[in-house]
Amino acid sequence: MYSSLVRIQNTFGFFTTVAFVIAALIAASDFITPRAPSVGMLKTTNLQVVRGRPHYYSSKKEEYAIIKFSLDADLSSLFTWNTKQVFVYVTAEWPSTSTTGVTIASNATANQAVIWDAIITSPSADHLSNLGPAALKKLRKSAAGKAIDPSRGKLSLKNQRPKYQITHPSGKIAEMADVTLRLHYNVQPWVGVLTWNQGVDYGLWKQLSGGLSRKFTLPGLKKKEEAKKTS
Amino acid sequence: MAEQILDQVRDVVEGQIDFEGQKLAELIANVALSVVGAIAFLVGYLLQDIKLAVWIALGGTALTFVAVVPPWPFYNNNPVAWLQVGGRSQHTTASLVVDEKAVR
């Protein structure tokens, strides 16, 4: 501490220590914050299988499932001061079938494909969201003066079109049986570890209640005339 | 004249303080940073506002730098009383002593 330079170095050195300790405390504060996410309703509203090409010049034609769904979920308890954003996604899952059509029991969820996703930012991370200026202004206004906004975790989707039409490496997905939809979330904190929806309770973090739709069977291929009419 | 100004500039930039001042500066830096960190965490947690916590921590750290880095006068309240150059009081005649006899 003899000269100014030494005082700068010592003060900055201790500052980094303090910053690290605070970051560790913030990360640890997640574990004393209860989480109880729940899904009120997750169901399909419209099922469709069409033939299409993976890309414009492809000579291969594949079957694509278009699964519309409705969702009511309350993920508001995931939004704490340390939450940067929550990634929410819905997958369709179905068991693997052998060539004879017999379900292989050990792989109950051998196939899993994302049909819809969304990023829900915390007000502290609105500047990171991938939105246009008008939508960003609206988002900021919705949480004006609030440091956290758990109401953003309340999802209500009615007859939502899927973002992604799904297929299978074999190119066949029509009349697939025992398909379920599942809601997943991924909490991305400012400091700390990423956490996904878990199958068991960890302390104050309860597992996602609900989040699984009833089993359904995909319909057969749409007739050509019908497919043309809808598109 | 230019040398004098350069010496003054060097003194200000170096910012030397006395031993008691160094002890005090270290104490102030450690205590202030710890307190600022604790306040930042508690305020952030209670108000659930992580941006506020970051700004409190950064602001407090900046204040600590202002308090500690410049050679404020209160860090130089106990200057060391060095012996005078040449030690006029003790050795007026003999400058070198060998075998307890003065060598002239």
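Chains are lettered from A and ligands numbered from 1 in the order in which they are written, and residues are numbered from 1 along each chain as its sequence is written. Because the model is predicted, local features need pLDDT of at least 70 and side-chain atom pairs count only at pLDDT 80 or more, while totals for chains, interfaces and linings use all residues.

**Chain B**

Begin by selecting chain B, which has three helices and two strands, where helices (H or I, at least four residues) and strands (E, at least two) are DSSP runs numbered from the N terminus. Followed along the sequence, chain B shows the pattern α-α-α-β-β. Of the 104 residues in chain B, 19% are buried, a residue being buried if 20 or more other C-beta atoms, placed from the backbone, lie within 10 Å of its own.

Next select residues 19-47 of chain B, which form helix α2. Its 29 residues should span 42 Å at 1.5 Å a residue, and the end C-alpha atoms are 42 Å apart, which agrees; the expected span is 1.5 Å times one less than the number of residues. Colour the buried residues of α2(B), among them B:Gly21, B:Ala29, B:Leu33, B:Val36 and B:Phe41, and you will find that the buried residues of this helix pack against α1 (4-29) of chain A together with α3 (50-68) of chain B. Just after α2(B), B:Gln48 takes a positive phi of about 55°.

The UniProt annotation "transmembrane region", from an unreviewed entry, covers residues 27-47 and 54-75 of chain B; such annotations may be inferred rather than shown by experiment. Residues 27-47 of chain B are 100% helix and 0% strand, with end C-alpha atoms 30 Å apart, and residues 54-75 of chain B are 68% helix and 0% strand, with end C-alpha atoms 30 Å apart.

**Where the chains meet**

Now show both chains: 29 residues of chain B are in contact with 23 residues of chain A, contact meaning that the C-beta atoms of two residues, placed from the backbone, lie within 7 Å. On the side of chain B that touches chain A, α1 (2-14), α2 and α3 of chain B each supply at least two residues, and the largest share, 13 residues, comes from α2(B).

**Chain A**

Turn to chain A, whose domain assignment gives domain 1 (1-32) and domain 2 (35-230), with bounds that come from an automatic or database domain assignment. The centres of domain 1 and domain 2 of chain A, taken over C-alpha atoms, are separated by 41 Å, and seven residues of domain 1 of chain A are in contact with seven residues of domain 2 of chain A.

Then select the open sheet of four strands in chain A, which has the order β4-β3-β6-β7 with antiparallel pairing; two strands pair if DSSP finds at least two bridges between them. β4 (111-121) and β7 (195-196) of chain A stand at the edges, each with a single partner strand, so one side of each is left without a neighbour in the sheet. Strand β3 (residues 83-94) of chain A is joined to strand β6 (residues 180-189) of chain A by 10 bridges, and A:Val90 stands opposite A:Leu183 in β6(A).

Finish at A:Pro37, in the loop between α1 and β1 (38-52) of chain A. A:Pro37 is buried, with 24 other C-beta atoms within 10 Å. Leaving aside neighbours within four places in sequence, the contacts of A:Pro37 include A:Asp74, A:Leu78 and A:Tyr185.

Terms used:
A residue is buried if 20 or more other C-beta atoms lie within 10 Å of its own, exposed if 12 or fewer, and partly exposed in between; C-beta atoms are placed from the backbone.
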